[in-house]
Amino acid sequence: EKRGGPVVNTQQLVGDDLKDLKNNIRNLLGTGHPMLDTVSKYYFQADGKHIRPLIILLIAQATSLAPKKVAVSVKDSYEEIDMPISEHSNFYIPTLNNNRSEPSTSTNSTTATAGAVNPIYTPRIYAPDQTLILPSQRRLGEIVEMIHTASLLHDDVIDMADKRRNLLSANESFGNKMAVLGGDFLLARASIALARLRNHEVTELISTVIANLVEGEFMQLRNGQVENGRNRNGSMTTFEYYMEKTYMKTASLISKSCRSSAVLGGATEEVCDIAYTYGKNIGLAFQLVDDMLDFTVSSDEFGKPAGADLKLGLATAPVLFAWEEYPELGKLIKRNFDQEGDVELAWGLVLKSQGLAQTRKLAQSHCQKAISALSQLPDSQAKTALIQLTEKVLDRKK
Ligand code: FPP
Ligand code: MG
Ligand code: MG
């Protein structure tokens, strides 16, 4: 027994849905241009953690038993979302066959024509507590994974990363131009799928996420511009600025997609807020742990460059905490670790300090907030899985 009841096998709960995810995304991505096809699908060949879709699916289940504002029928939920992407998108490449460049091997493929019922988009009811995931919520998971992957394609160009998910990064494999355009293409196809959900509130939430990702990245570009522990414009402490940036680059996506999942299920405002609060706090914890792992694991374990943040001039939570113990870090942070020996000096001080332990503690406190938010939901296996997930986020090594 663990906190929140007996251990739940998350794989058993939503494993089938996650298995379909990659195939469904591939089907949303086909294009007649073979190189664009390759680049935009490239990161999906690796085993991503799919943590965002996982959370979305579990929130769908956990909120399905909670009070509803509107009754959403399964028919509402699948009627339009899986029509083929219209001929408009193929106008300039008239030979394209329904935007799919290769036959799908999956028996569950989304090759439906308008009006046909596709087995993947029938609802699944989950024993033993009769929780439900709607087709629209499953599609939301796919959309969000596409947006996340688009941001990684762009991020690896910005960070000049040579590795992602233990693959050569897309920018290394195809060059910056194709990597950027591949990301743009993912965003475009995600936008079409989003429009197909025919839910204005969700469209607005997810579009805001895309803006927030860019805002977070911009905040990070000027991360080192600090003066006496405050950001240069003086409105926030350096730490507050870091947390705001962390919300923008990571937690906004998770929190707003949790809310969207609840919205698609017809949940009450109160339940949507619970979903949002859970997503925000597990999202903040996730990025805090990521910033900690940058100091503690090797690139091989991480599957992407480790020890990268200082080299990129970034002062993350472990450094900002260490700064309280070692004031001499201040001037290094201010100049973005750009002088000979800065990175090594800062690295040593961070490891000597309580910075990593304090970062973990802060992540833990956000996990606690995420768990508290869930307490007002009716009990279900999915709710228990969401609670367990907070521990996995804290203990992860990659
Ligand atoms: C990974 O962070 C990157 C992000 C969380 C977001 C990046 C966002 C952009 C590049 C803006 C453009 C957005 C879109 C939607 C195209 P990281 O570099 O700290 O982590 P890493 O170690 O995984 O690279
Ligand atoms: Mg990066
Ligand atoms: Mg980055």
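# A guided look at this predicted model

Valine 70 lies in the loop between helix 3 (51-64) and helix 4 (74-78). Helices here are DSSP runs of H or I with at least four residues, strands are runs of E with at least two, and both are numbered from the N terminus. This is a predicted model, in which local features need pLDDT of at least 70, side-chain atom pairs count only at pLDDT 80 or more, and totals for chains, interfaces and linings use all residues. Residues are numbered from 1 along each chain as its sequence is written, while chains are lettered from A and ligands numbered from 1 in the order in which they are written.

**The chain as a whole**

- The protein chain holds 17 helices and six strands.
- Of its 398 residues, 46% count as buried. A residue is buried if 20 or more other C-beta atoms lie within 10 Å of its own, exposed if 12 or fewer, and partly exposed in between, with C-beta atoms placed from the backbone.
- Take the contacts between residues at least 6 apart in sequence: 77% of them join residues at least 24 apart. Two residues are in contact if their C-beta atoms, placed from the backbone, lie within 7 Å.

**Around ligand 1**

- Ligand 1 is surrounded by 17 residues, and the closest are Ser151, His154, Asp155, Leu213 and Glu217. A residue is near a molecule if its C-beta atom, placed from the backbone, lies within 6 Å of it.
- Helix 5 (135-158), helix 7 (176-196), helix 8 (200-221) and helix 9 (238-264) each give at least two residues to this shell.
- Which helix gives the largest share of the shell? Helix 5 does, with six residues.
- Sorted by class, the shell has eight nonpolar, four polar and five charged residues. Here Ala, Val, Leu, Ile, Met, Phe, Trp, Tyr, Cys and Pro count as nonpolar, Asp, Glu, Lys and Arg as charged, and the others, Gly among them, as polar.

**Helix 9 and its partners**

- The axes of helix 5 and helix 9 come within 9 Å and cross at roughly 160°. Axes are lines fitted to C-alpha atoms, for helices over the stretch in contact, and angles run from 0 to 180 degrees between N-to-C directions.
- Helix 5 and helix 9 are therefore roughly antiparallel to each other. Angles over 145 degrees count as roughly antiparallel, under 35 as roughly parallel, 65 to 115 as roughly perpendicular and the rest as oblique.
- Helix 5 passes helix 9 in a right-handed crossing. A crossing is right-handed if the near helix is turned clockwise from the far one by less than a right angle, and left-handed if anticlockwise.
- On the helix 5 side, the contact is made by Ser136, Gln137, Leu140, Val144 and His148, and on the helix 9 side by Leu253, Ser257, Ser260, Ser261 and Leu264. By class, that contact has four nonpolar, six polar and no charged residues.
- Helix 8 also meets helix 9: their axes come within 8 Å and cross at roughly 165°, which makes helix 8 roughly antiparallel to helix 9.
- The crossing of helix 8 and helix 9 is left-handed, and their contact has 11 nonpolar, six polar and eight charged residues.

**Helix 16 and helix 17**

- Helix 16 (residues 355-374) and helix 17 (residues 381-395) pack at an angle of about 175°, with their axes 10 Å apart. That makes helix 16 roughly antiparallel to helix 17.
- From helix 16, Ala363, Gln364, Cys367, Ala370, Ile371 and Leu374 meet Lys383, Leu386, Ile387, Thr390, Val393 and Leu394 of helix 17. These residues divide into nine nonpolar, two polar and one charged.

**Residues in loops**

- Is valine 70 buried or exposed? Valine 70 counts as exposed because it has 10 C-beta neighbours inside 10 Å.
- Valine 70 and tryptophan 347 are 277 residues apart in sequence and 53 Å apart in space, C-alpha to C-alpha.
- Most residues other than glycine have a negative phi. Arginine 165, however, has a positive phi of about 50° although it is not a glycine.
- Arginine 165 sits in the loop between strand 3 (163-164) and strand 4 (167-168), and its 17 C-beta neighbours inside 10 Å make it partly exposed.
- Asparagine 336 also has a positive phi, near 55°. Its place is in the loop between helix 14 (329-334) and helix 15 (342-352).
- Methionine 236, in the loop between strand 6 (230-231) and helix 9, is partly exposed, with 13 other C-beta atoms within 10 Å.
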